[in-house]
Amino acid sequence: MAVCSQIVLIMSLVIFLNISACSKREQQDESVSIGQQIYKQNCKTCHAQGINGAPILGNKKMWSKRIPQGIETLIEHASNGYGLMPKKGGREDLTHEEISEAVNYMVNKVK
């Protein structure tokens, strides 16, 4: 009987720890903004390395000529394509709100 109760106790502890770990992961995921998620999933491919002249995230010099154009212009460029950047960064399924969030996320990294 004692062995069975120890096994039940251990199993309960394992289940509790797994639930706690999942809960912490969910809290971390919720703290990531929509803009950051879209950036990581889509924009990072070019904007992390400056591919085809894309301004690198956080690089004030590269963004210095773009930011004065205004956030609406930058959102328009991201939505409709600009230069070598395809419309919506190549993801037609992104909404205007998601594009706006991603652009705001990137711009806020250089302010």
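A disulfide is a pair of cysteine sulfur atoms within 2.5 Å. By that criterion, this predicted model holds zero disulfides. The sulfur of C46 has its closest cysteine sulfur in C43, at 8.9 Å, which is too far for a bond. Seen from the other partner, the closest cysteine sulfur to that of C43 belongs to C46, and the 8.9 Å between them again rules out a bond.

Charged side chains provide one salt bridge in the structure. The partners are R91 and D93, whose closest N and O atoms lie 2.9 Å apart. R91 counts as partly exposed, at 23% relative accessibility, while D93 counts as exposed, at 52%.

The discussion now turns to helix packing. Helix 4, which spans residues 71-80, packs against helix 5, residues 96-108, at an angle of about 120 degrees, and their axes are 9 Å apart. The two helices are therefore oblique to each other, since an angle of 65 to 115 degrees would be needed for roughly perpendicular and one over 145 for roughly antiparallel. The crossing of helix 4 and helix 5 is right-handed. On the side of helix 4, the contact is made by I71, L74, I75, A78 and S79. Helix 5 contributes H96, I99, S100, V103, N104 and V107 to this contact.

Key
Residues are numbered from 1 along each chain as its sequence is written. This is a predicted model: local features need pLDDT of at least 70, side-chain atom pairs count only at pLDDT 80 or more; totals for chains, interfaces and linings use all residues. Side-chain values use heavy atoms; hydrogens and water are left out. A salt bridge is a side-chain nitrogen of Lys or Arg within 4 Å of a carboxyl oxygen of Asp or Glu. Buried means under 20% relative accessible area, exposed over 50%, partly exposed in between (1.4 Å probe, protein chains only). Axes are lines fitted to C-alpha atoms, for helices over the stretch in contact, and angles run from 0 to 180 degrees between N-to-C directions. Helices (H or I, at least four residues) and strands (E, at least two) are DSSP runs, numbered from the N terminus. Angles under 35 degrees count as roughly parallel, over 145 as roughly antiparallel, 65 to 115 as roughly perpendicular and the rest as oblique. A crossing is left-handed if the near helix is turned anticlockwise from the far one by less than a right angle, and right-handed if clockwise. Contact means heavy atoms within 4.5 Å.
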